[in-house]
Amino acid sequence: MDTKIFEAGTVELQSGLSCRNTRLAYQTYGTLNADRSNVILWLTPFGAQHTDIEWMIGTHGALDPERYFIVVPNLFGNGLSSSPSNASSPWNNSRWPQFTLADSVQVQRRMLQDVYGIEHIALACGWSMGGMQAYHWAALFPDAVERLAVICGAAKTAPHNQVFLEGVKGTLCADVHYQDGRFTGFPERGLRAMGRVYASWAMSQTFYRDELWRQSGCSSAEDYVVTNWEGNFLRRDPANLLAHIWAWQQGDISANSLYAGDITKALGAIKARTLIMPCATDLYFQVEDSRREVARMQNAKLQIIPSDWGHRAGMPQHNPVDARFIHAALGELLAS
């Protein structure tokens, strides 16, 4: 399917800058029903595009296009929507006018309203940064979101998560091709190093001890790291990755004029029937952070994914056990 484009024009950002000729790329699956009540938002995570996560959509699970109209907006900075990699001078490279997650969901909502006349969402959901966007949807538009599912995500980026991201960013920017705030060439060494750093954080200790990488068709841990982690980042634009790291680090559903930094107020304002699904072994979106968020919400349930796949339990492409768990949980939420 051809990627759909919403021409958003000039967007005023939280930073005070403007992004001109803003383009939101998105894809849809299924058919919008007559009363527009069957809309699911499935939101893209860090570095990814809609094609990376569309395998979760299908009649095999809860994100069923025969029942729901599923919309996948591409997060700004991912190379399909407006991003450093496709920006025009003088706003390219180090001068990219950064989008917060709040900036992104505001444009996503305008696209749904202007193109489809959609005012209410049956479910906003996502994994990792996708889950963080879903959280923003439910907090910024509490009357518009009926259900919320956050898979290995957070309402606010935790302090330890910030330090993890500083390490990832520092590894990429240590490449010789990163000079004066911009990339002057392709940073292969930095991207490969970034993949190796990420491989240790994204998966649990047990994942490597029990050689669960074999489920990905790999012959050794080294084979797994090169194929799945170095390979993943080598196909991404490095400036786009830095833009997503920045947005991730700013992630906070209360960092706006509506809540003025009061995270308790922002969590308490969410009206959606909510399912928060951390993984038991996630090293940077920890269960305890999710537990504290759920305690401050009106109608939220904590459902821990009992997996040794760490953060990647929430995007279980090679992990059918966790895939069944997540689809069952989403199905139960949609039936509520």
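**Cores**

I started with the largest nonpolar core, which has 63 residues; Trp42, Phe46, Leu63, Ile70, Tyr198 and Trp248 touch the most other members. A nonpolar core here is a set of buried Ala, Val, Leu, Ile, Met, Phe, Trp, Tyr and Cys residues joined through side-chain atoms within 4.5 Å. Buried means under 20% relative accessible area, exposed over 50%, and partly exposed in between (1.4 Å probe, protein chains only). Helix 8 (residues 238-249) gives the largest share of this core, six residues. Helices are DSSP runs of H or I with at least four residues, strands are E runs of at least two, and both are numbered from the N terminus.

I noted the basis too: this is a predicted model, where local features need pLDDT of at least 70, side-chain atom pairs count only at pLDDT 80 or more, and totals for chains, interfaces and linings use all residues. Residues are numbered from 1 along each chain as its sequence is written, and side-chain values use heavy atoms, with hydrogens and water left out.

Next I checked what Tyr198 touches. Not counting residues up to four places away in sequence, its contacts (heavy atoms within 4.5 Å) are Phe46, Phe164, Val168, Trp229, Phe233, Trp248 and Tyr284. I also found a second, separate core of 47 residues, with Ala8, Leu112, Ile276 and Val294 among them. In soluble globular proteins, nonpolar side chains tend to be buried together.

**Pocket and cavity**

The grid is 1 Å over the protein atoms alone; a cavity is a set of points where a 1.4 Å probe fits but cannot get out, a pocket is an open set with protein on both sides within 12 Å along at least five of seven lines, and lining residues have an atom within 4 Å of a point. Points are joined across faces, edges and corners, and a volume is the space filled by probe spheres set on them.

The largest pocket holds about 580 Å³. It has 32 lining residues, and Asn228, Trp229, Asn232, Arg235 and Arg312 are the closest to its centre. Helix 7 (221-234) supplies the largest share of the lining, seven residues. I sorted the lining into 18 nonpolar, ten polar and four charged residues. For these classes, Ala, Val, Leu, Ile, Met, Phe, Trp, Tyr, Cys and Pro count as nonpolar, Asp, Glu, Lys and Arg as charged, and the others, Gly among them, as polar.

I found one cavity of 30 Å³ or more. Its lining is Gly153, Ala154, Lys156, Ala158, Tyr284, Phe285, Gln286, Asp289 and Ser290.

**Helix 3**

How many residues of helix 3 are buried? I counted twelve of twelve, so I call helix 3 mostly covered.

I logged a cis peptide bond between Ser89 and Pro90, with omega about 10 degrees. Pro90 sits in the loop between strand 4 (69-73) and helix 2 (101-116).

Asp180 is not a glycine, yet has a positive phi of about 55 degrees. Asp180 lies in the loop between strand 7 (178-179) and strand 8 (182-183). Its relative accessible area is 77%, so Asp180 is exposed.

Glu211 also has a positive phi of about 55 degrees without being a glycine. Glu211 is in the loop between helix 6 (205-209) and helix 7. At 35% relative accessibility, I put Glu211 down as partly exposed.
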